[in-house]
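Thanks for asking me to look this over with you. Please open the sequence and the 3D view side by side, and we will go through them point by point.

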Amino acid sequence: MTTILAAGDHFVLNCLLTDRLRPAAPGATFRELTLPWPVEPFGEVAEVREASGTEDQLIEALDGVDICVTQMAPLTERILKASPDLRLFCVSRGGPVNANLEAATRHGVAVSFAPGRNATATAEHTVALMMAAARRVPATHADLAAGTWRGDYYMFDKVGPELEGSTVGIVGYGAIGSRVARILRGFGAHVLVADPFVRPDDVSPAEVTDLADLMRRSTFVTVHARATPETEGLISRQMIDLMPAGGVLVNCARGSLVDYDAVCDALDAEKLFGAAFDVFPREPIPAGSRLLTTPNIVMTPHLAGASKQTAFNAASIVASEVERFLQGQPLAHCANPDVLARIH
């Protein structure tokens, strides 16, 4: 009999996981562990990052478990050594950053993930941040809430650009970037795309170009590239300096992609009209950060993917992976596929 651990949290709830797992794994025995995220921020656990819970919690919960489905649980060398029955570890997020893939492969544990689960939520949030920064929504709301009616926001040098008729540059054209493009076309924007892995036919009617050209031509720039060693600092000071005066920069991808000090400098110099961020170099943002005092920055606390549909999608994707695994079929989103041949 298969034993499955649902290690959910306060977003991807255990009840969502088990509701979808029961028909996918008939006859399985289920256990549950609730991890503290997002009430407590995720962080590093031993050698993995963006994880919630402790190694000791997982070791205890995985005793006799064949399959674990989770969003944030860590999978470390120590946990793997202590969990000899584990065969499949399903991470219900866009990448298995909380799993030690090298160690999992050595121990014969397949690791799957859930690409695209929050693509729509993040794309919608991106466009919301664009508009909030361009129309100064947070600042004007704060003034009104404080009892101040500021007519000077209507002065020409304090108003921002519209999306309709503007050129918007999308850096990275995966599941999220492509959805942002689709939304922006509905606004009547001209869309540029910089992504070394796409061809012009893949993005039509958007226009493919290189990053420097995109930065020079775009009134709005939004970042959706993956965080890798090659993309660290991709939106550098040099690239930000290329943007037209009065532009708006948005990042809902990862904090490592953007030079935030350069953005603050550009805002202080009124080179940029505004910026909007859902992700940061350090999370939570440390006290004393320039991001907390630089004008015309709109910020949200890494919740672009937070929607009810994202949680449902996450549970559905991992349940489908469990069903495939139990039926001896290839996984749709396996991070270490060489392991599957050894398991089956």
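1. Let us begin with a term: two strands pair if DSSP finds at least two bridges between them. Strands themselves are DSSP runs of E with at least two residues, while helices are runs of H or I with at least four, and both are numbered from the N terminus. With that in hand, look for an open sheet of 5 strands, which has the order 2-1-5-6-7 and parallel pairing. Strand 2 (29-34) and strand 7 (110-112) are its edge strands, each pairing on one side only.

2. A word on what you are looking at. This is a predicted model, where local features need pLDDT of at least 70 and side-chain atom pairs count only at pLDDT 80 or more, while totals for chains, interfaces and linings use all residues. Residues are numbered from 1 along each chain as its sequence is written, and side-chain values use heavy atoms, leaving out hydrogens and water.

3. Stay with the sheet for a moment. Strand 5 (residues 67-70) and strand 6 (residues 88-91) run parallel and are joined by 4 bridges. You can find C68 opposite F89 of strand 6.

4. Now find the hairpin. Strand 3 (residues 43-45) pairs with strand 4 (residues 48-51) in the antiparallel sense, over 2 bridges. G43 stands opposite A51 in strand 4. The hairpin has 2 residues between its strands, and A46 takes a positive phi near 50 degrees.

5. The expected span of a helix is 1.5 Å times one less than its number of residues. Helix 5 has 16 residues and reaches 23 Å from its first C-alpha to its last, close to the 22 Å expected. Is helix 5 mostly covered or mostly uncovered? It is mostly covered, as 12 of its 16 residues are buried; buried means under 20% relative accessible area, exposed over 50%, and partly exposed in between (1.4 Å probe, protein chains only). Among the buried residues of helix 5 are H125, L129 and M130. Just after helix 5, R136 takes a positive phi of about 55 degrees.

6. Next, the inside. A nonpolar core is a set of buried Ala, Val, Leu, Ile, Met, Phe, Trp, Tyr and Cys residues joined through side-chain atoms within 4.5 Å. The largest one has 30 residues, and those with the most contacts inside it are M215, I235, V258, V263 and F277. Helix 11 (260-268) and strand 13 (272-277) are among the elements that each supply at least two residues of this core. The largest share, 6 residues, comes from helix 11. Apart from this core lies another, of 29 residues, among them L16, L17, C90 and V318.

7. F277 deserves a click. Not counting residues up to four places away in sequence, F277 touches several residues, including L129, Y260, V263 and L291.

8. The one from S204 to P205 is cis, with omega near 10 degrees, and P205 sits in the loop between helix 8 (200-203) and strand 10 (207-208). Another cis bond joins E283 and P284, with omega about -5 degrees. P284 is in the loop between strand 13 and strand 14 (297-299).

9. E270, in the loop between helix 11 and strand 13, has phi near 60 degrees. E270 is exposed, with a relative accessible area of 68%. N296 has a positive phi of about 65 degrees and lies in the loop between strand 13 and strand 14. N296 is partly exposed, at 34% relative accessible area.

How values were computed:
Contact means heavy atoms within 4.5 Å.
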